[in-house]
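Come along and keep the structure in view.

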Amino acid sequence: MQFNSNFNDIAENYLFAEVAKRAAEYSKNHPDKKVLKLGIGDVTLPLVPEVINALHAGVEDMSKAETFKGYGPYEGYGFLRESILDYYKSCGVELALDEIFVSDGAKSDLGNILDIFSKDNTVLVPDPVYPVYVDTNLMAGRKIIFANANGANGFLPMPDYKVNADIIYICSPNNPTGAAYTKAQLKEWVEYANKKNAVILYDAAYECFIEDENLARSVYQIEGAKTCAIEFCSFSKIAGFTGTRCGYTIVPKTLEKDGFSANKMWLRRQATKFNGVPYIVQKGAAAVFTEQGRKEINQNIAYYKNNAKIIAECMDELGIWYTGGKNSPYIWLKCPNNMKSWEFFDFLLNNAQVVGTPGAGFGSNGEGYFRLTAFGSEAVTREAVARIKSVLKK
Ligand code: PLP
């Protein structure tokens, strides 16, 4: 027996562990000080009543022989896929029902999708970005190249025709930078992918935060995307399903090459390795799309957006450069006084008792930057912002 030695290539996952360790140490040494956390990307508001009611109804269904559900369809129940189809229609995107696959969250499918691609593909990943793209490919032994995201390009790298990539990751709005591609910018990526015979793995986990009309909510709003892109989305951020677990993946039937169909391969893959998302959870997820459900989740999204605005206004006032804050729950800021990411982390913790996430943990281009999230409570956000102002105001 031999273990997968590719695991040697993966960095220790120390970012959030180190953040938690430093915060815990500080609290232990300063029990009188209240530490405010704007670090993690998890939501804090509970599930909305419409979802809770649907979850209860799902439990009831499971209690009666007539409505009990055993194994469900690998690709998800029709009622939920219909709702997702209608949601896309409302964004001007026409999909077929069998292009929609329900999952237990975007993270799983972002990793699992690699099963349908050859190990020999070259992978292009933006730096900095959500670390899952890098680690899943390293585990499989694929070659990774990076697209430089930086202050100069507003953390939105554009295609470079000198670079030959086969699998391209795009996360928009981006975690951690909060930067989001316009439809015009995304069109350039779609053209590049089609010309290079590459696939775009498009992570739309934060699409619900988009408010500007010129930004894309779905890659399929761009002409030509259905021959080159797979889209991953999630109920985690739109409806607080981080613990409940549900998402979906769109695999167009027109994504084909050399006699292979991505859609057929993905269905085959799912039928082999996945037995579906719990019926009860899918009932809850479908409630997100009812009129009442939408009304309720929109209130939650507005709440987080207001937090983002509070943080962004603080940066404006302090004259600190940042991306995100609008169309995203993340504010990605340039550390003041040329501090490095961890230096600024310690500065904020020690002087303002505020915890954020050092940008260096998301890739080498993240050095010197810092991420704050809008997923906390409004009271905590306001207090954190007041403290940040008091320690940084000249
Ligand atoms: N994609 C991005 C960019 C994320 O930031 C996250 C979670 O933070 C996910 C995917 C994971 O989503 P899910 O909870 O659906 O697995």
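Below are my entries, in the order I looked things up.

**Ground rules**

I am working with a predicted model, so local features need pLDDT of at least 70, side-chain atom pairs count only at pLDDT 80 or more, and totals for chains, interfaces and linings use all residues. Residues are numbered from 1 along each chain as its sequence is written, and side-chain values use heavy atoms, with hydrogens and water left out.

**Entry 1: the ligand**

I first asked which residues come nearest to the ligand. There are 14 residues around it, and Asp203, Tyr206, Ser234, Ser236 and Arg245 come nearest.

For tyrosine 206, I found a polar side-chain atom 2.6 Å from an oxygen atom of the ligand. Serine 234 has a side-chain N or O atom 2.6 Å from a ligand oxygen. For arginine 245, the distance from a side-chain N or O atom to a ligand oxygen is 2.7 Å. I also noted that the ligand taken alone exposes 400 Å², of which the protein buries 91%. These accessible areas come from the Shrake-Rupley method with a 1.4 Å probe; for residues, only the protein chains shown count as cover.

Two elements give two or more residues to the shell around the ligand: α4 (106-112) and α7 (236-239). My labels follow DSSP runs, numbered from the N terminus: helices are H or I with at least four residues, and strands are E with at least two. By class, the shell has 6 nonpolar, 4 polar and 4 charged residues. In this count Ala, Val, Leu, Ile, Met, Phe, Trp, Tyr, Cys and Pro are nonpolar, Asp, Glu, Lys and Arg are charged, and the others, Gly among them, are polar.

**Entry 2: the pockets**

Where does the ligand sit? I found it in the largest pocket, and "sits" means that more than half of its atoms lie within 2 Å of the pocket's grid points. The search runs on a 1 Å grid over the protein atoms alone: a pocket is an open set of points with protein on both sides within 12 Å along at least five of seven lines, a cavity is a set where a 1.4 Å probe fits but cannot get out, and lining residues have an atom within 4 Å of a point.

The largest pocket has a volume of about 730 Å³. Of its 29 lining residues, Lys107, Tyr130, Val132, Asn175 and Lys237 are the closest to its centre. I saw that α5 (132-139) gives the most to this lining, with 5 residues.

I then turned to the second largest pocket, at about 460 Å³. It is lined by 21 residues, and Phe117, Asn197, Val199, Glu256 and Lys257 lie nearest its centre. Its lining divides into 11 nonpolar, 6 polar and 4 charged residues.

**Entry 3: the cavities**

How many cavities of 30 Å³ or more does the whole structure hold? I count 4. The largest cavity has a volume of about 60 Å³, where grid points are joined across faces, edges and corners, and a volume is the space filled by probe spheres set on the points. α10 (291-318) gives the most to its lining, with 4 residues.

**Entry 4: the backbone**

A reminder to myself: most residues other than glycine have a negative phi, and most peptide bonds are trans. Aspartate 127 and proline 128 are joined by a cis bond, with omega near 10°, and proline 128 lies in the loop between β3 (122-127) and α5. Asparagine 175 and proline 176 are also joined by a cis peptide bond, with omega about 15°. Aspartate 258 is not a glycine, yet its phi is positive, about 50°. I located aspartate 258 in the loop between β9 and β10.

Key. Near = heavy atom within 4 Å. Polar contact = N/O pair within 3.5 Å; in protein donor to acceptor, adjacent residues only side chain to side chain.
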